[in-house]
Amino acid sequence: MSRPRIWVSQPLFDDLLAPLREHADVVTTADVAEHSPAQIATALRDVDGALVTLNERIDGTAIAQAQHLRAVANVGVGYNNLDVAALAAVGVAATNTPDVLTETTADFAWALLLATARRVTEAERWLRSGAWTQWSFDRLLGADVHGATLGILGMGRIGQAIARRAAGFDMRVVYHNRSRVPDAVEAACRARWVPFQDLLAEADHLVLVLPYSASSHHVIDAAALAAMKPTATLVNLARGGIVDDSALAEALAAGRIAGAGLDVFEGEPVVHERLLACDNVVLTPHIASASHATRRAMVALAVANLAAALGLGPRAGDPPNLVPGSALPRLPSP
Ligand code: 8YV
């Protein structure tokens, strides 16, 4: 049998690809690339496996042409860039990288929340502009975090890790999730399930950590923003599209909420121009999981998933992180 072929869609810590190189021919991508759908289809056409990031949208058209493809390993916990149903229909496994990024991403939620509530980046911009000629008592006043109510929309692993950190700030934690988490988890997180409307109304700081899907599209729209406290802050580190960015820009500009911290955007890397124009928003370029250790752990896990799915060497076996709805990989073509 010939050696399997693998496409690695972005530069991803080359040293971590060794377990793949040992048993397969690996095609890497030298520079960070914005691949067009046609380039993705071409890259997938002759390979058995692919290691991809959220930059690559793996759609039905590319999948239909990828006759040898058996597994796609996503470097990320979110996998809305993959058409899992189309992959499963032809026996291509899809995997993601849960757990390894939970704590790092939860840390970053707090970085955004604190920066937003205390207007850190706005203050720095003001200082750097040379405007600070005199100290003044009532300048750049923000919202307290300690003792406030933290709202969390989406109580998966990352939501729970964010909630656990809230104890250090002596906060009250309310969350909304389609289903309540078990009592023991609620107790560990000191969190209480509330209906969605109550979450909007009660949160002083609302953090979004739910997966993106058709049902979470624009779950934070103009009506949801209007239901929040005018003093509240909103943090999104889940996916663009969960928030209606245009409605958010309008709410921020009109002072309908106090501020927002955003790591993800509709149509990123393009950011809505009216968000760019707002002072009361902290903007970061999708870096919630970007610590040295975690980004390496994500690649190592995706490599292990792909090796298992393709049956490479000692790592052969069912991949441990198949996403919901994924198929097991089909047999290699002769
Ligand atoms: C990743 C993310 O950096 O894991 C996710 O879902 O959004 C980020 O942690 C990204 O997916 C890289 O592909």
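Strand β7 is mostly covered, four of its five residues being buried; here buried means under 20% relative accessible area, exposed means over 50%, and partly exposed lies in between, with a 1.4 Å probe and protein chains only. Helices (H or I, at least four residues) and strands (E, at least two) are DSSP runs, numbered from the N terminus. The model is a predicted one, in which local features need pLDDT of at least 70 and side-chain atom pairs count only at pLDDT 80 or more, whereas totals for chains, interfaces and linings use all residues. Residues are numbered from 1 along each chain as its sequence is written, and side-chain values use heavy atoms, with hydrogens and water left out.

β7 (residues 172-176) pairs with β6 in the parallel sense over five bridges; two strands pair if DSSP finds at least two bridges between them. Within this pairing, Gly-151 stands opposite Val-174 of β7, and Ile-152 has Tyr-175 of β7 as its bridge partner. Strand β6 (residues 149-153) is largely enclosed by the rest of the structure, because five of its five residues are buried. In a regular strand the side chains alternate between the two faces of the sheet. In β6, Thr-149, Gly-151 and Leu-153 point one way, Leu-150 and Ile-152 point the other way, and all are buried.

## Helix α7 and its surroundings

Helix α7 spans residues 157-165, and its buried residues are Ile-158, Gly-159, Gln-160, Ala-161, Ile-162 and Ala-163. These buried residues pack against both β6 and β7, and also against α5 (102-117), α8 (183-189) and β9 (205-208). Packing is judged by contact, meaning heavy atoms within 4.5 Å.

## Strands β10 and β11

A further parallel pairing joins strand β10 (residues 233-236) to β11 over four bridges. Thr-233 stands opposite Gly-259 of β11. In β11 (residues 259-262), Gly-259 and Gly-261 point one way and Ala-260 and Leu-262 the other way, and all of them are buried.

The C-alpha atoms of Ala-111 and Gly-261 are separated by 9.2 Å, although the residues are 150 residues apart along the chain. Ala-111 has a relative accessible area of 38% and is therefore partly exposed.

Ala-94 lies in strand β5 (residues 93-95). Its relative accessible area is 0%, so Ala-94 is buried. When residues up to four places away in sequence are not counted, Ala-94 touches Val-72, Leu-82, Leu-87, Asn-321, Leu-322, Val-323 and Ser-326. One of these, Leu-322, is 228 residues apart from Ala-94 in sequence, yet the two are 5.7 Å apart in space, C-alpha to C-alpha.

## Backbone geometry in the loops

Most residues other than glycine have a negative phi, and most peptide bonds are trans. Leu-140 is not a glycine but has a positive phi of about 55°. Leu-140 is placed in the loop between α6 (120-128) and β6, and counts as partly exposed because its relative accessibility is 25%. His-286, also not a glycine, has a positive phi of about 55°; its place is in the loop between β12 (281-283) and α13 (292-310).

The peptide bond from Glu-268 to Pro-269 is cis, with omega near 10°. Pro-269 is found in the loop between β11 and α12 (273-276).

## The chain as a whole

The chain contains 13 helices and 12 strands. Its radius of gyration of 22 Å agrees with the value near 20 Å that a compact globule of 334 residues would have; the radius is taken over C-alpha atoms, and the globule rule is 2.2 Å times the number of residues to the power 0.38. Along the principal axes, the C-alpha atoms fill a box of roughly 75 × 50 × 35 Å. Of the contacts with a separation of 6 or more, 60% are between residues 24 or more positions apart.

Buried residues make up 48% of the 334 residues. The chain exposes about 15,500 Å², of which carbon and sulfur atoms supply 56%; accessible areas come from the Shrake-Rupley method with a 1.4 Å probe, and for residues only the protein chains shown count as cover. There are 27 positive and 34 negative side chains, and the centres of the two sets lie 3 Å apart. Lys and Arg count as positive and Asp and Glu as negative, while His and the chain ends are not counted; each charge is placed at NZ of Lys, CZ of Arg, CG of Asp or CD of Glu.
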